[in-house]
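Colleague: Could we go through this model together? I would like to begin with a helix and then turn to a strand.

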Amino acid sequence: MTSPRRQLVDPTSPGYFHCVTRCVRRAFLCGFDAETGDSFEHRKQWVEERILELGSILAVGVYAYAVMSNHVHVVVYVDPDAAARWSDEEVGVRWARLFPVRLPDGSVDALATRNRVEATAGNPERVSTCRARLASLSWFMRCLNEPIARRANREDACTGRFWEGRFKCQALLDDAALLACMSYVDLNPVRAKMADDLASSSHTSAHRRIQASSGDVAAALRPVSAGVPERALSISAVDYLVLVDWTGRQVRADKRGAIAESAPSVLRRVGVDEATWRYQVLGIESRYWRAVGAVDALMQKAADMGQRWLKGAGARGLRSAEALPD
């Protein structure tokens, strides 16, 4: 039985989340349909562009994503506090970017869109509504899924659902869980044998970070797209890519309780041993359900939700560790 999203996502508090949305019946509506021989690979670019666009508009930082043939992963930081600091004018501008007025040919009507900005900014009740939606995880996913569905249905000359009705959501309760989930998401094409390595993993945040390697990639790890002040993690993008690449190469099940000399040093900084790291990355969706984190963090989240436990709290997941400093 499903539970109300509000039990997991506090609309007034910042937080990290891993969301998964799947094509209806898990059909390959963004990939190659072996039954018909039709290819819909071009739709992955639609989804990727939309994710990055939404990250620049809403009070959301996009930390990781992977666009697959029949589902999409995103890891985001939702920041209602940032949206609360926006002026009424900025709320109106961002809302109009999200929902511009369009002409019959699909182009943006600049004058009508500007009028929409002014009408929104001049209406306090409307500003309050739009501000809340611009800082909403559910609205982020809605604004991701709906335009893609409409565009695909127009292309296929059909009607009906494109995505399943409800996206899956996990709260990421500490920085170790965040990094593990980001790694899990970026490794999706490799695990699915759709790519041999990160460099060939198209339509992922890792691939985008590799492409940006000629820039300031050695700086602190930041969102790949963010319309809010960025919360950077105190590891570099290079260290992160090394960690993800190393994680994807692991096949050994021994070394429990110790970090091998070959393991990236960032694991020591997070305070996680090699076996535990591998265990959690590979179990993001199978060993955890509504939240991912150290046992004490899971138990606290369960208490906040009025529950006695959360799936994963009884497993050998990441042990308690100090969060990475801002």
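Colleague: What does helix α6 reach from its first C-alpha to its last?
Modeller: Helix α6, residues 137–156, reaches 29 Å, close to the 28 Å expected at 1.5 Å a residue; that expected span is 1.5 Å times one less than the number of residues. Helices (H or I, at least four residues) and strands (E, at least two) are DSSP runs, numbered from the N terminus. This is a predicted model, in which local features need pLDDT of at least 70, side-chain atom pairs count only at pLDDT 80 or more, and totals for chains, interfaces and linings use all residues. Residues are numbered from 1 along each chain as its sequence is written, and side-chain values use heavy atoms, with hydrogens and water left out.

Colleague: Which residue caps the N-terminal end of α6?
Modeller: Ser 136 does, with a side-chain oxygen 3.3 Å from the backbone nitrogen of Ser 138. Just after α6, Ala 157 takes a positive phi of about 55°.

Colleague: Now the strand: how many residues of β3 are buried?
Modeller: Eight of the eight residues in β3 (residues 71–78) are buried, so the strand is largely enclosed by the rest of the structure. Buried means under 20% relative accessible area (1.4 Å probe, protein chains only).

Colleague: Which of them point one way?
Modeller: His 71, His 73, Val 75 and Tyr 77 do, while Val 72, Val 74, Val 76 and Val 78 point the other way.

Colleague: Which residue is the bridge partner of His 18 in β3?
Modeller: The partner is Val 75. Strand β1 (residues 15–22) runs antiparallel to β3, joined by eight bridges. Seven bridges join β2 (residues 60–67) to β3, also antiparallel.

How values were computed
Polar contact = N/O pair within 3.5 Å; in protein donor to acceptor, adjacent residues only side chain to side chain. Buried < 20%, exposed > 50% of the residue type's maximum accessible area, 1.4 Å probe, protein only. Pairing = 2+ DSSP bridges.
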